[in-house]
Amino acid sequence: MMLLTVKHIIADFVLQNAWMAHGKDQKKGWALPLLVHCLIHFAVALLLILIIAPKFWFVAFIDFVIHITVDRAKGLCSSTFCMTPEHPWFWTLIGVDQALHHLTGFGLALFMAANA
């Protein structure tokens with residue numbers, strides 16, 4: 001779980017720039033920023049998993065698919081309801097997004113621990 005949490009912090013906060021953060025939530029032009037953002041998640045996850053538990057390399061692909069799905073759902077909500085930081089549900093949406101990413105990490109960690 002720690003490995004996937006570190007991955008999430010690096011990919012979601014350290015390596016995500018404004019183009020990705022804002023672009024992936026737009027009505028148009030969202031695909032490339034979202035793809036780049038999620039490929040960064042994939043690359044960091046794959047690197048860390050190959051170092052720590054290489055037999056679970058495929059977990060990086062699972063994380064990628066779930067991450068792109070969650071972020072696209074958030075983007076759809078954000079663009080459909082014009083959720084800027086001033087919107088009353090903006091921070092709730094961010095919180096749900098982050099909770100889903102952490103639950104993904106928890107589930108993948110349980111999977112790896114159970115199959116170690």
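Begin by selecting helix α1 (residues 2-14) and helix α5 (residues 90-114), which pack at an angle of about 145° with their axes 10 Å apart. Here helices are DSSP runs of H or I with at least four residues, numbered from the N terminus. The axes are lines fitted to C-alpha atoms over the stretch in contact, and angles run from 0 to 180 degrees between N-to-C directions. This is a predicted model, in which local features need pLDDT of at least 70, side-chain atom pairs count only at pLDDT 80 or more, and totals for chains, interfaces and linings use all residues. Residues are numbered from 1 along each chain as its sequence is written, and side-chain values use heavy atoms, with hydrogens and water left out.

Leu4, Thr5, His8, Asp12 and Phe13 of α1 are in contact (heavy atoms within 4.5 Å) with Gln98, His101, His102, Gly105, Leu108, Ala109 and Met112 of α5. This contact comprises five nonpolar, six polar and one charged residue. In this classification Ala, Val, Leu, Ile, Met, Phe, Trp, Tyr, Cys and Pro are nonpolar, Asp, Glu, Lys and Arg are charged, and the others, Gly among them, are polar.

Now select Lys7 and Asp63. What joins Asp63 to Lys7? They form a salt bridge, and their closest N and O atoms are 2.8 Å apart. The term requires a side-chain nitrogen of Lys or Arg within 4 Å of a carboxyl oxygen of Asp or Glu. The pair links distant parts of the chain, since Asp63 lies in helix α4 and Lys7 in helix α1, 56 residues apart. Side chains of opposite charge can pair when their charged atoms come close.

On a 1 Å grid over the protein atoms alone, a cavity is a set of points where a 1.4 Å probe fits but cannot get out, and lining residues have an atom within 4 Å of a point. The largest cavity holds about 80 Å³ of space. Its lining has three nonpolar, seven polar and two charged residues.

Finally, turn to the largest pocket, an open set of points with protein on both sides within 12 Å along at least five of seven lines. It contains about 500 Å³ of space. Of its 20 lining residues, select Ala21, Asp25, Lys74, Phe90 and Ile94, the closest to its centre. Helix α5 gives the most to this lining, with five residues.

Conventions
Helices (H or I, at least four residues) and strands (E, at least two) are DSSP runs, numbered from the N terminus. Grid points are joined across faces, edges and corners, and a volume is the space filled by probe spheres set on the points.
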